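Look at the model first, then read on.

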Amino acid sequence: MDNNSRLHDFLNTIINTDTVLGLKKIPDESVDLIFADPPYNLQLKEELWRPNQTLVSAVTDHWDKFSNFQDYDDFSMKWLSECRRVMKKNAVIWVIGTYHNIFRIGKIMQDLGFWIINDVVWIKTNPMPNFRGTRFTNAHETLIMAVKDQNSGYTFHYKSMKIFNDDLQMRSDWNMPICTGSERIRFNGAKAHSTQKPEELLKRVIISTSNPGDIVLDPFMGSGTTGSVSKLLGRNYIGIEAEKNYVSLAEKRIAQVKPLEMNLLNYPAEEKPPKVPFGELVSSGYIREGETIYSENKKFRAKILSNATLVSEGINGSIHSVSAFLMGKPNFNGWHFWFVERDGEMVCINDIRKKYIFDLK
Ligand SMILES: C[S@@+](CC[C@H](N)C(=O)[O-])C[C@H]1O[C@@H](n2cnc3c(N)ncnc32)[C@H](O)[C@@H]1O
């Protein structure tokens, strides 16, 4: 069986096994994005009671128990190595954790060669109080955003995130509540999963660092938050989860999700205009050979030769090199420097290029 058919078998499914074994089934360099929410290793020793004598629902699950730090580090090293193997060259990995584990995870990631791009802090607007009053209320989790190595290019929808944030650069501190209300899955009144993450968190992760049709892998699928949001946003998912109960919970949850229409998933703001060289504007007649071209205030002028180069003050070169020479700079962007006259008005050649691209469509 070749790698593609192996991968295809797992698309949009949850593999019910230990994560290291599950990851080993996935071919090298095959996934576009990983979101991992591993055990925290909280090391909770005793039950926690509120002042009103009700029991706090903390993460006391057996899957969160490790005998010591070394045991946790060995496990983290194994699953993170496998994640790195299955990531495509331009894939991004996000790992979320708390002070209990995120520093260990960060060190291991750097030791394995991952290159950290950001650490995003999810500030919980409705954190659980510190009932004992022995330390600050722990009101955030940290997400490490990393790539395979220092030279990896990677998907990052900077513009979309900026527009999402009212045209201000999206910052690395994200304020949002923990999962409550109708989003929180319950079974007989109790939380069905102790650490269900908010869908809004996954939306930001998936929109910013993947494209529709991509493969999103979650090696600790839990209640299926990553699978649900991936499906909603037109991505494929692969989940791995050791607990059978969680697998069926997640499968039921994902089955109810209706993907958004494709035209809501592509972002025109991210589209890069096709590259059009100046020569193409001249050969297509939008700008003419022999025409005079000016700086905006007409301080400088140049003649356009038949090979679409400019000549000015004895210098012959491209729109960029001649403008750089005239400005006394090593480099200059000629697209914003040069203007031509049209109907008595000065028109920037970049606007002529935009019109040409528009007319091409
Ligand atoms: C922190 S929770 C993930 C919660 C998930 N992000 C969500 O929103 O529901 C970690 C999950 O990893 C699973 N898990 C822990 N150790 C595992 C292992 N070695 N292999 C596979 N799954 C494991 C647990 O059963 C648990 O559901």
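**Cysteines and ligand site**

Q: Is C179 buried or exposed?
A: Buried means under 20% relative accessible area, exposed over 50%, partly exposed in between (1.4 Å probe, protein chains only). C179 has 4% relative accessibility, so C179 counts as buried.

This is a predicted model: local features need pLDDT of at least 70, side-chain atom pairs count only at pLDDT 80 or more, and totals for chains, interfaces and linings use all residues. Residues are numbered from 1 along each chain as its sequence is written, and side-chain values use heavy atoms, with hydrogens and water left out.

Q: Is C348 buried or exposed?
A: The relative accessibility of C348 is 10%. C348 therefore counts as buried.

Q: How many disulfides does a search of the whole structure find?
A: A disulfide is a pair of cysteine sulfur atoms within 2.5 Å. Across the whole structure the number found is zero.

Q: Which residue has a polar side-chain atom 2.6 Å from an oxygen atom of the ligand?
A: D18 places a polar side-chain atom 2.8 Å from a ligand nitrogen atom. K197 uses a polar backbone atom, 2.9 Å from a ligand oxygen atom. The residue at 2.6 Å from a ligand oxygen atom is E241.

Key:
Polar contact = N/O pair within 3.5 Å; in protein donor to acceptor, adjacent residues only side chain to side chain.
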